[in-house]
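Here's a quick look at one chain fold, piece by piece. Have the viewer open as you read.

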Amino acid sequence: MPPREASSALAAELLEALRPLSDRLAAVRTLSAGKIGILRQLAIRGRATTSDLAGEVRVSQQAVSLAARELEELGYLARSPDPDDRRRTWLSLSEAGHRRLADELAAGSSWLAAAIEDSLTAAQRRELAAAVPALRALGRANADD
């Protein structure tokens with residue numbers, strides 16, 4: 001099999017393997033992946049505009065605005081006007097937002113840890129651990145796409 005075909009087959013297999021995991025992780029969380037992405041970016045950056053966040057979480061500015069409004073209503077983020085440019089509004093994570101993000105990430109992590117322990121043999125856990133650096137490299141190499 002030529003390299004491109006082999007990579008295409010591996011990509012299809014990987015997606016099929018990851019899909020049920022992704023679905024299960026989404027089921028244990030109470031916020032959408034997009035909202036978690038917004039909270040995560042605010043935790044990293046400290047503050048951001050909706051256009052900054054749209055680029056980071058790879059959705060439209062309108063989608064970020066809508067999600068930010070909902071997150072604000074839940075008390076997870078705050079808006080503040082830019083003192084130098086009244087057209088710009090900064091979003092930042094509230095204390096409740098920090099707690100919610102930690103809870104959302106912990107829910108997924110604890111489910112996955114239990115699934116790894118309960119569903120995989122010791123040899124499969126070693127294989128999975130060995131694959132993590134390659135998956136990280138794949139994510140980093142394509143982060144700007």
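## Ground rules

This is a predicted model, where local features need pLDDT of at least 70 and side-chain atom pairs count only at pLDDT 80 or more, while totals for chains, interfaces and linings use all residues. Residues are numbered from 1 along each chain as its sequence is written, and side-chain values use heavy atoms, with hydrogens and water left out.

## The strands

Helices (H or I, at least four residues) and strands (E, at least two) are DSSP runs, numbered from the N terminus. Two strands pair if DSSP finds at least two bridges between them.

Strand 3 (residues 89-93) pairs with strand 1 (residues 47-48) in the antiparallel sense, over two bridges. Strand 2 (residues 77-81) also pairs with strand 3 in the antiparallel sense, here over five bridges. Look at Leu-91: this strand 3 residue is the bridge partner of Ala-48, and Leu-91 is the bridge partner of Arg-79 too.

## Helix 2 against helix 5

Helix 2 (residues 33-45) packs on helix 5 (residues 95-119) at an angle of about 120°, with the axes 10 Å apart. Axes are lines fitted to C-alpha atoms, for helices over the stretch in contact, and angles run from 0 to 180 degrees between N-to-C directions. The two helices are therefore oblique to each other (under 35 degrees is roughly parallel, over 145 roughly antiparallel, 65 to 115 roughly perpendicular, the rest oblique).

Arg-58 sits in the loop between helix 3 (50-57) and helix 4 (61-73). Arg-58 has a positive phi of about 60°, although it is not a glycine.
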